[in-house]
Every structure is written in C-alpha cells, then in structure tokens.
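Here are my notes for you on this model. Have the sequence and the 3D view open while you read.

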Amino acid sequence: MTHLHPLRVYYEDTDLAGIVYYANYLKFIERGRSEAVRALGVDQGRLKAEAGIVFAVRRVLADYLLPARFDDELVVETEITALKGATIEMAQRVLRRDTVLFTAQVRLVCLGPHDRALRIPADIRQMLAAPAP
C-alpha cells in the first residue's frame, strides 16, 4: 500500500535562500508516516496509553534531490516495505507533482514500556500488513 499525504510549504519551512530547510523534510516524512499508520487503523496514542508501546525511528537514509520552495504543494508517499520481528521498514518520497524531490528509507523499532525492543504485537502487525482502505 502507498499512502499519500498532501502538504504545502510555508514560509517557516524555508531558509534564507527561500528553499525548504533540509531538516524539515524529516518533519514532512514523519507526518506522512503518522498518517499512513493512522489510515491502517493503528492509534499510536492509544497503543502507548494502553500497552506502553511506541514506534521510534532507528535509522533514516535520506537523499535530497531537488529543492522545494515556499508555497509549493507537495505529496509525501509512504509505503511499508517490510515487517520484521520488532521493526518496520518504510520507503518514503516527497514529490512536487510528478517530480521526486526527496527520498528516504526509514527503519522504525517497536519499543515496550522499558524502552527495549519488543516484537510487534500480532494485531498491530496484521493492521500494518493490510492493504490500504
């Protein structure tokens, strides 16, 4: 499943050169991941409150290909590429129309109440593996 999350570049997202500040792409893809997981039925706030489970970024491999600028309309594409014992692998892209501006490979780890890696619970794994609604 590929989830699409639209967003607009605001002035606060840009640097002195008028282009999106590099660290803001990480914020953009975080929003994309959160919305993708929500669309699959995973309520991360409830998961933390009830089971003490959170998903934390373990690794990001990012490529900055072309700049985005103030007022650009962008789309964050998010795809789950692998579910392993305690990790989720995702491929993400930021696009302006059909032009890819940024790509990232992200590994998330499932952490339990004591900040230790924890196998992704079966019900959550099943939701994450489901096709998009």
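1. First, some housekeeping. This is a predicted model, where local features need pLDDT of at least 70, side-chain atom pairs count only at pLDDT 80 or more, and totals for chains, interfaces and linings use all residues. Residues are numbered from 1 along each chain as its sequence is written, and side-chain values use heavy atoms, leaving out hydrogens and water.

2. Searching the whole structure turns up seven aromatic pairs. Rings of Phe, Tyr and Trp (its six-membered ring) pair if their centres lie within 6.5 Å; planes under 30 degrees apart are stacked, over 60 edge-to-face, and the rest tilted.

3. Take Tyr22 and Tyr64: this pair is edge-to-face, at 6.3 Å centre to centre and 75° between the planes. Tyr22 sits in the loop between strand E1 (2-8) and helix H1 (24-39) and Tyr64 in strand E2 (54-64), so the pair ties together parts 42 residues apart in sequence. (Helices are DSSP runs of H or I, at least four residues, and strands of E, at least two, numbered from the N terminus.)

4. Now Tyr25 and Phe102: their centres are 5.0 Å apart and their planes at 15°, so this pair is stacked. Tyr25 is in H1 and Phe102 in strand E5 (99-111), 77 residues apart. Both are buried, whereas Tyr64 is partly exposed at 40% relative accessible area. (Buried means under 20%, exposed over 50%, partly exposed in between, with a 1.4 Å probe and protein chains only.)

5. Tyr21, Tyr22, Tyr25, Phe28, Tyr64 and Phe102 make up one aromatic cluster.
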